[in-house]
Amino acid sequence: MTDLIEGHHTTVSVAPAQQYNDKPKKQSKIGKVFAPVGIVWSFLRRKTNLTMWIVLSMIIGVLIGQFAPAFAVEIKPLGELFIRMIQCIVGPLIFSTLVVGIAGHGDDLARVGRLAVKSIVYFEVVTTFALIIGLLSVNLVKPGVGFSMANATNPNITVVPITWVTELNHIVPDSFFATLANPKAVLALVFCAVMFSVAIMLADPQSKKVMLAFNDSLSKIMFKVVILVMNYAPIGIGAAIASTIGKYGLGSLGAVGKLVGTLYATLIVFAVVVLLPVALMARLPLRDFARAVGGPFLMAFATASSESALPKAMENMVAFGCPPEIVAFVIPTGYSFNLDGSTLYLALAAMFCAQVAGVDKTVGEQIVMMLTLMLTSKGVAAVPRASFIVLIGTLGNANIPLEPLSLILGVDAFMDMARTSINVLGNMTACAVVSRWEGEFRNEEWHMRQSGELPQHTAVMDEVEGSAYNNHAHHSHNTDKESLH
């Protein structure tokens, strides 16, 4: 009986062992089949980056749009999905980052005011250069000369006039939570964040500790969400540019190709003549800056949406060496006040309409037009079709017919891609320049991260340290720990 039991145990124990030994053989066969895929995937992850995938997706998108336009239009929702994913995180990302950036670095209200003044001064100077270059270009090339207005129609666009009242209403919202949910209300969100940050500075230490810890954690989590969303970026961007080409076609550029070519060439001149010298004067490392700008620039170009590039632009500028608090203030504010590409476009488009209509403008009248654009082009990023609203208002004030706008509408999607990407480039340049102006570019904290003395974080904010409040908070935290022990 004992032998039978032992024999039984032997039989039972051997069978599973034989089955177990067969599994690695099956797994090894499956592994051999998929091994090349794994090798290729591993190679691509090591040798490529997001920018390369975006470039590849744009090329594929252009090909799909040109040779399969019907299919390209059908996949437009895939591109809109990417923009919607970005828009849903813009509010909490900007708010939390800006609150920790301002309130988490001491109680120096004067520093906040100084940063605001420097940013506004920079914005005004650079956008003025954009207007001047736009006017010079359109007067030299004259893209509107030779057009006939016989087939031009008055575009049917319903707009709300822009006044100082509407400007104030866009800056000061009637609901904080509605502003947080509106991805285009960037300027109102900055206003709320600044007010909230100042209130935190004036609050008691315990309230400061709670709110700073909450916003710091929120900002870090939101940048983790950015990483997840960016994995979808090549698909969304490829679909967006494919649908644009499929709907309008490259052939649509033929009619007013001179206008589109003039805009693209002028924007390149602006980047080389204005932004590059500014970067050189600020002693920015150009190679590193180009790497930081590449991804957000291509995102903005392909989607014609500044919001799609905002999270990645903020993350890249912190990694480039700009302090988080400056990044959180300058870039969102620049989305309303530092629209270099849009400002240049407005100057060029206004004079293009005058040339098509045969309306001659003297130098003095063009200067008045430029001054008008300097005021009306600020702070209207939250307005739908903001560029056209400003353009219509400018044409009306200058007694220029609106009919030539119908020529622009046909190719506005292609021009929007160019001006949006220059807007993003200009804001990232402004962030780096203001950081250098403040003496905070690649500061000690950034060098400690690079050397490994501080942990690297994908999120903008680290633990809030350095101020008297934080010392108090750390002391209280240690006391609590001792009491627990």
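These legends describe close-up views of a predicted model.

The model is predicted, so local features need pLDDT of at least 70 and side-chain atom pairs count only at pLDDT 80 or more, while totals for chains, interfaces and linings use all residues. Residues are numbered from 1 along each chain as its sequence is written, and side-chain values use heavy atoms, with hydrogens and water left out.

**View 1. Helix α9 spans residues 205–230.**
Helices are DSSP runs (H or I, at least four residues), numbered from the N terminus. Helix α9 has 26 residues. From first C-alpha to last, α9 reaches 37 Å, close to the 38 Å expected at 1.5 Å a residue. The expected span is 1.5 Å times one less than the number of residues. Buried residues of α9 include Leu-212, Met-222, Phe-223 and Val-226. Lys-208, Asp-216 and Lys-220 are also buried. Buried means under 20% relative accessible area, exposed over 50%, and partly exposed in between (1.4 Å probe, protein chains only).

**View 2. Lys-76 forms a salt bridge with Glu-80.**
A salt bridge is a side-chain nitrogen of Lys or Arg within 4 Å of a carboxyl oxygen of Asp or Glu. The whole structure holds 7 of them. Here the closest N and O atoms are 3.9 Å apart. Lys-76 and Glu-80 are 4 residues apart in helix α4 (residues 76–103), so about one helical turn separates them. An α-helix has 3.6 residues a turn, so residues three or four places apart point the same way. Lys-76 is partly exposed at 37% relative accessibility. Glu-80 is partly exposed at 40%.

**View 3. Arg-442 forms a salt bridge with Asp-288.**
Their closest N and O atoms are 3.1 Å apart. This pair links distant parts of the chain, 154 residues apart. Arg-442 sits in the loop between α19 (412–437) and α20 (444–451). Asp-288 sits in helix α12 (residues 286–303). Asp-288 is partly exposed, at 28% relative accessibility.

**View 4. Arg-419 and Asp-416 pair within helix α19.**
They form a salt bridge, with the closest N and O atoms 3.4 Å apart. The two are 3 residues apart, about one turn of the helix. Arg-419 is buried, with a relative accessible area of 4%. Asp-416 is partly exposed at 21%. Elsewhere, salt bridges that share partners join Arg-114, Lys-118 and Glu-438 into one network.

**View 5. Cys-431 lies in helix α19.**
Cys-431 is buried, with a relative accessible area of 0%. Contact means heavy atoms within 4.5 Å. Residues up to four places away in sequence aside, Cys-431 touches Met-317, Cys-322, Ile-326, Val-327, Val-330 and Ile-331. Ala-328 is 103 residues from Cys-431 in sequence, yet 9.2 Å away in space, C-alpha to C-alpha.

**View 6. Met-314 belongs to the largest nonpolar core.**
A nonpolar core is a set of buried Ala, Val, Leu, Ile, Met, Phe, Trp, Tyr and Cys residues joined through side-chain atoms within 4.5 Å. This core has 115 residues. Those with the most contacts inside it include Met-314, Met-317, Phe-82 and Phe-270. Helix α19 gives the largest share, 13 residues. Beyond its neighbours within four places in sequence, Met-314 is in contact with Leu-93, Ile-94, Thr-97, Phe-223, Val-327, Ala-328 and Ile-331.
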